[in-house]
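Student: I have the sequence and the coordinates open. Could we go through them in questions and answers?

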Amino acid sequence: MREHPGQKLRQAIKAEKPLQLPGVINAYAAKLAQSVGFKALYLSGAGVANANFALPDLAMTSLNDVLGTVQQIVNATDLPLVVDADTGWGSPLNVKRTFQMLSQAGAAGAHIEDQTEAKRCGHRQGKQLVSAIEMVTKIKAALDGREHDSFLVMARTDAFAVEGEKGALERALMYQAAGADALFIEALTSLEQYAVFTKALSIPVLANITEFGKTPLYTKAELAKQGVAIVLYPLSAFRAMNAAALKVYKAIYEQGTQQSVVDLMQNRNELYQFLNYEQFEKELDNYNQLMEHEHGSK
């Protein structure tokens, strides 16, 4: 029997201290991340909105928008994928369906957050939260929706910026008691704050180390000392891709040639290696030879 992606993810969390989750925006980025040795991957809701629709992270995309990218990534790599499910896209019934669909699509786990439906980026001002009771109900619905018990249901709380450390910790404990498999605590500002949560909880705690936000760019080693189990880099590669692409576009338009920026590019041979291009070519040649043989025998 094939190992469920959720089982792979849970094993990776136990094996890596802590597990590093790189954000990937598409299937090819997933292959790049796997090639350097990562043991699991992450799909950001902001990444889907930004990269696929040129929209801000303001709850403007849907479950179907995310599902398409999930399916493309899991078909391109055998690494377990954790998905940003935003607020679950609606009522508890919607949340249940969301986690059912993500599980069926081949994801290994997903997180749901306690912001209101009109959510914002976790490092922006103006966040509003649903009640802790409403979030607990959503967690239970997510657990009911998953297709396999190993599918990891992670609760994200944005309460630190809204209710302070005490309020965030109270929510975290409630979410753990509701059955959440892990906790994503957003927008902390010191290492010591992570220790408060890791010491109080018995489930894995995730640190979101996103650039240009409220959380300093702590190292894997620093976070490990605080008991953090998972370290997330949701959009690091995406931001680098964007900066490189903009330089290339400017050079081509302003200089009339791409010669000055060729060094920024992945060359053709490297691309083909990641795509296993020659193997596909051989398969195509075999099919063509088969057609010629069949045609010639008639």
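**Loops, helices and the overall fold**

Student: Which loop holds asparagine 276?
Tutor: Helices are DSSP runs of H or I with at least four residues, strands are E runs with at least two, and both are numbered from the N terminus. In that numbering, asparagine 276 falls in the loop between α11 and α12 (277-296).

Student: What kind of model is this, and which residues do the totals use?
Tutor: Residues are numbered from 1 along each chain as its sequence is written, and side-chain values use heavy atoms, with hydrogens and water left out. This is a predicted model, where local features need pLDDT of at least 70 and side-chain atom pairs count only at pLDDT 80 or more, while totals for chains, interfaces and linings use all residues.

Student: What is the relative accessibility of asparagine 276?
Tutor: Buried means under 20% relative accessible area, exposed over 50%, and partly exposed in between (1.4 Å probe, protein chains only). Asparagine 276 is in the partly exposed class, because its relative accessibility is 42%.

Student: What is phi at asparagine 276?
Tutor: Most residues other than glycine have a negative phi. Asparagine 276 is not a glycine, yet its phi is positive, near 55°.

Student: Where is tryptophan 89, and what is its phi?
Tutor: Tryptophan 89 is in the loop between β3 (81-84) and α5. Its relative accessible area is 18%, so tryptophan 89 is buried. Though not a glycine, tryptophan 89 has a positive phi of about 60°.

Student: Is serine 91 buried or partly exposed?
Tutor: Serine 91 is also in the loop between β3 and α5. Its C-alpha is 9.6 Å from that of glutamate 134, 43 residues away in sequence. With a relative accessible area of 33%, serine 91 is partly exposed.

Student: Which residues does valine 95 touch?
Tutor: Valine 95 lies in helix α5 (residues 92-104). It is buried, since its relative accessible area is 0%. Contact means heavy atoms within 4.5 Å. Not counting residues up to four places away in sequence, valine 95 touches Thr87, Gly88, Gly90, Ile112, Lys138, Ala141 and Ala142.

Student: How far apart in space are valine 95 and threonine 137?
Tutor: Along the sequence, 42 residues separate the two. From C-alpha to C-alpha, valine 95 and threonine 137 are apart by 9.6 Å.

Student: What is the handedness of the crossing of α5 and α6?
Tutor: Axes are lines fitted to C-alpha atoms, for helices over the stretch in contact, and angles run from 0 to 180 degrees between N-to-C directions. α5 and helix α6 (residues 132-145) pack at about 40°, with axes 7 Å apart. A crossing is left-handed if the near helix is turned anticlockwise from the far one by less than a right angle, and right-handed if clockwise. The crossing of α5 and α6 is right-handed.

Student: Which residues of α6 meet α5, and how does the contact divide?
Tutor: From α5 come Pro92, Val95, Lys96, Phe99 and Gln100, and from α6 Thr137, Lys138, Ala141, Ala142, Asp144 and Gly145. Ala, Val, Leu, Ile, Met, Phe, Trp, Tyr, Cys and Pro count as nonpolar, Asp, Glu, Lys and Arg as charged, and the others, Gly among them, as polar. The contact residues of α5 with α6 divide into five nonpolar, three polar and three charged.

Student: How are α2 and α4 oriented to each other?
Tutor: Helix α2 (residues 27-35) and helix α4 (residues 63-76) pack at about 40°, their axes 8 Å apart. Angles under 35 degrees count as roughly parallel, over 145 as roughly antiparallel, 65 to 115 as roughly perpendicular and the rest as oblique. α2 and α4 are therefore oblique.

Student: Which residues of α4 make the contact with α2?
Tutor: The crossing of α2 and α4 is right-handed. On the α2 side, the contact uses Ala27, Ala30 and Lys31. On the α4 side, it uses Gln72, Ile73 and Ala76.

Student: Which peptide bond is cis, with omega near 0°?
Tutor: Most peptide bonds are trans. Look in the loop between α1 (5-15) and β1 (19-22), the place of proline 18. The cis bond runs from lysine 17 to proline 18.

Student: How many helices and strands does the protein chain have, and what is its radius of gyration?
Tutor: The chain has twelve helices and eight strands. The globule rule, 2.2 Å times the number of residues to the power 0.38, is compared with a radius taken over C-alpha atoms. For 298 residues the rule gives 19 Å, so the chain is as compact as a globular protein of that length, with a radius of gyration of 21 Å.
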